[in-house]
Structures are given as C-alpha cells and as structure tokens.
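Here is a report on helix packing, the ligand site and some backbone details. Keep the sequence and the structure in view while reading.

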Amino acid sequence: MLKEKIEEIRAQAEAAFKAAPSAKDLYDAKVQFLGKQGSFSSIMKEMGKLSAEEKPAFGKLVNEVKQALEAVYADRETALKGQELASQLQAEALDLSLPSATAAPGARHPVALVIEEISGILSRLGYSIRTGPLIESDRYNFEGLNFPPDHPARDMQDTFYIDKEHVLRTHTSPIQIRTMELERPPLRVVGVGPVFRADSDISHSPNFHQIEGLCVDRRVSMADLKGTISFFVREYFGKDLKTRFRPSFFPFTEPSAEVDCQCPICSGKGVIGSQDCRMCKASGWIEIGGSGLVHPNVLKLAGVQYPEWQGFAFGFGIERMAIIKYGIDDIRLFNENDVRFLRQFSL
Ligand code: DAH
C-alpha cells in the first residue's frame with residue numbers, strides 16, 4: 001500500500017522533473033516532492049505504522065527512489081542550464097562580421113613636422129630649443145637687434161603694433177637677445193615659433209613660423225656658418241645639394257648673407273624632364289633664408305663681451321621650408337585645415 005504510494009509519487013516526480021521548462025520550475029518541483037514539507041516527507045511519517053520486519057525493506061526502497069529521483073533531477077538541471085546558457089549566448093551574440101565604424105586618427109600638422117625635423121637636425125650639432133613671447137617689446141624685436149629708429153621694418157605696413165612699445169613679433173630673432181641676456185656663452189640655441197607680419201598673398205601669410213640658429217663662441221667665422229648650413233641643407237632635403245651665399249643686409253648681422261641652396265625639386269637642374277622647374281623658376285637655385293655673423297652692437301647690447309665672444313646666426317621660414325621640400329604652391333594651405341591637404345603629411 002505504502003509501496004504503491006511511493007511508486008506513484010516517484011512517477012509524478014519524474015514526470016514533473018523531466019517536463020520542468022526552466023531551472024526555477026525544476027527547483028519548485030524538487031521542493032514539492034523531495035522538500036521538507038514535500039510528498040516524500042509525508043510518506044515517511046507513515047512509516048511508523050509499519051511492523052519492525054517491514055521497516056528495513058521500506059527504508060531501502062525509499063532510499064533507492066530518492067536517489068533515483070535526485071539523479072533525474074540532476075540530469076534535468078544540467079540539460080536546462082545548458083539550454084539557458086545557449087539561449088543567453090545567442091541573445092548576447094555579437095556580429096563580428098559587421099564592419100566597424102572607421103576610426104579617424106589625428107595627424108601632425110606639416111608645420112609641426114618640419115619644426116621637429118629641423119630642430120632634430122640642429123640638435124645633432126649641439127643646438128637646443130628656446131622659445132619666447134609672441135607679443136614683444138620694441139626693445140627685443142627691433143632695438144636690441146640694431147634696427148635704426150627709422151628702419152622700414154618698423155613701418156606700420158609690416159608690423160602689427162599692440163601699442164607704441166609692443167608688437168606681435170615680426171621674427172624669431174628676439175629669442176636670440178633673450179637667450180644671450182640670460183645664458184653665458186658658449187651658446188648653441190634654436191629659436192622657434194610663430195611670427196606675424198601685415199602681409200598676405202600666395203607666398204605671404206600674416207602669421208607664419210620661423211626657426212633660427214644662434215651660435216656664440218670664442219672664434220666664429222663665416223666658414224663655420226657655411227659649414228653648418230651646408231650640413232643642414234643636405235640633411236633636411238636628404239640630397240647632396242650645394243649651398244651658396246649672396247651678400248645681403250640685416251641690421252643684426254655683419255657681414256650678412258642670403259642663403260640659397262640647389263632646388264630640391266629639380267635637384268638643381270632647373271628642368272624636370274623637358275619642363276622648366278616651377279619651384280626655382282628654372283634657375284636651379286632657391287632662397288631659403290638669411291644669415292650672418294652677429295653684429296658686435298647686438299652682442300654688446302645683450303651683455304656679451306665682444307670680441308672675446310663672437311657669433312653667427314641664420315633664420316628660415318618654416319612654411320617656406322615645407323613648401324620647397326614638398327612642392328606646395330600656396331602658403332595659405334597651411335592655415336586652411338583642409339584634411340585633404342593635411343592627410344598627405346600623415347605617416
Ligand atoms: N630675422 C630675419 C627675418 O625675419 C631672418 C634672419 C636673417 C635671421 C639673418 C637671422 C639672421 O638669424 O642671421 O627676415
């Protein structure tokens with residue numbers, strides 16, 4: 001009688017376990033049949049009605065059935081967990097074949113690249129970088145550089161005046177004066193940064209960049225200057241180009257020279273195939289900057305003992321150096337931020 005009841009519960013429990021649609025339903029079924037208040041526990045209470053001889057066989061049966069049901073339960077639990085994991089994986093699946101949104105990595109501006117390249121070359125000759133304020137006093141931008149009071153560069157047409165005493169610096173040469181005032185010779189420094197002039201056309205921009213070198217040492221000659229610039233030209237353009245000096249004038253150097261190098265676009269030939277080279281207008285030479293021996297007045301005004309200490313200096317326009325190297329035809333491109341232009345310089 002009791003035995004049949006057990007078999008009945010067993011059949012019901014087995015059916016309930018196997019049909020349980022979820023882990024939660026399965027657990028509820030387990031509580032219902034095997035739990036403390038479950039069907040099995042109530043049967044066990046009836047065990048007391050049995051005789052002493054019947055009890056062992058009954059106990060054995062109960063244990064067997066319980067074990068069998070635990071096994072069914074465990075199988076179903078494993079199966080349900082597997083199903084649940086599979087459906088979770090499916091629901092959260094990523095489509096790895098989907099093309100990703102394209103990243104837009106930034107790139108260095110050609111002006112920054114050229115500054116880095118030029119200062120890198122000069123640093124191998126022992127030069128280190130200096131900067132200075134963009135708003136300069138007349139003393140640093142002109143007076144300390146030996147500009148006579150009536151020099152045309154002080155004219156309102158070229159110079160942006162802030163007030164009577166201050167200008168947007170028109171060149172990086174004031175950095176030379178600031179360095180000589182603060183540091184003791186020997187000096188090898190590169191002044192670099194933005195400069196400003198009231199001028200705008202295809203080859204002039206009101207804001208552009210300059211880089212210049214200053215060397216102050218005990219015996220300094222035009223030969224040292226020429227050697228330095230010749231080395232620089234070959235390194236910067238990556239070609240064995242010649243450098244030449246043309247006599248010139250700057251208030252802050254004496255003697256002064258305009259620096260030309262062979263045109264890197266046509267390698268100094270003036271022609272590319274049968275076409276005239278447009279960069280050097282078929283001359284084979286191109287102007288890259290100014291240079292000279294630092295004028296004694298400039299040294300003395302900055303507190304450097306002359307002739308014990310002498311100096312040479314040279315200055316280049318950064319945009320111009322980029323234009324010549326890469327064959328760019330309009331200086332305004334540097335400020336337009338057209339990504340089609342800028343992208344050509346990203347590595
Ligand atoms: N400061 C000059 C300019 O802006 C360029 C220059 C010429 C710099 C000769 C120098 C130099 O250091 O020696 O036109």
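## Helix 1 and helix 4

In this predicted model, helix 1 (residues 2-19) packs against helix 4 (residues 54-91) at an angle of about 5°. Their axes lie 9 Å apart. Angles under 35 degrees count as roughly parallel, so helix 1 and helix 4 are roughly parallel to each other.

Helix 1 brings L2, K3, I6, E7, R10, A13, E14, F17 and K18 to the contact. Helix 4 brings F58, L61, V62, V65, A68, L69, V72, Y73 and R76. Sorted by class, the contact of helix 1 with helix 4 has 12 nonpolar and 6 charged residues, and no polar ones.

## Helix 1 and helix 2

Helix 1 also packs with helix 2 (residues 23-34). Here the angle is about 170°, and the axes are 9 Å apart. Angles over 145 degrees count as roughly antiparallel, so helix 1 and helix 2 are roughly antiparallel to each other.

On the helix 1 side, I9, Q12, A13, A16 and F17 take part. They meet L26, A29, K30, F33 and L34 of helix 2. The contact of helix 1 with helix 2 divides into 8 nonpolar residues, 1 polar and 1 charged.

## Helix 5 and helix 10

Helix 5 (residues 110-123) and helix 10 (residues 318-326) pack at an angle of about 95°. Their axes are 9 Å apart. The range for roughly perpendicular is 65 to 115 degrees, so helix 5 is roughly perpendicular to helix 10.

V111, V114, I115, E117 and I118 make the contact from helix 5. From helix 10 come I318, E319, M321, A322, K325 and Y326. By class, the contact of helix 5 with helix 10 has 8 nonpolar and 3 charged residues, with no polar ones.

## The ligand site

Which residues come nearest to the ligand? Of the 15 residues around the ligand, they are H171, S173, R197, Q210 and E212. By class, this shell has 9 polar, 4 nonpolar and 2 charged residues.

A polar side-chain atom of R197 lies 2.7 Å from a ligand oxygen atom. For Q176, a polar side-chain atom is 3.0 Å from an oxygen atom of the ligand. S173 has a polar side-chain atom 3.0 Å from a nitrogen atom of the ligand. On its own, the ligand has 360 Å² of accessible area, and the protein covers 89% of that. Strand 5 (207-217), strand 10 (285-294) and strand 11 (310-317) are the elements that give two or more residues to the shell.

## Backbone details

Most residues other than glycine have a negative phi, and most peptide bonds are trans. P186 sits in the loop between helix 7 (174-182) and strand 4 (187-196). P255 belongs to strand 7 (residues 253-262).

Where is N146? N146 is in the loop between helix 6 (138-141) and strand 3 (166-168).

Methods:
Residues numbered from 1 in each chain as written. Predicted model: local features only at pLDDT ≥ 70, side-chain atom pairs only at ≥ 80, totals over all residues. Heavy atoms only, no water. Near = heavy atom within 4 Å. Polar contact = N/O pair within 3.5 Å; in protein donor to acceptor, adjacent residues only side chain to side chain. Areas by Shrake-Rupley, 256 points an atom, 1.4 Å probe, with all protein chains shown as cover. Helix = DSSP H or I, 4+ residues; strand = E, 2+ residues; numbered from the N terminus. Nonpolar A, V, L, I, M, F, W, Y, C, P; charged D, E, K, R; others polar. Axes fitted to C-alpha atoms, helices over the stretch in contact; angles between N-to-C directions. Contact = heavy atoms within 4.5 Å.
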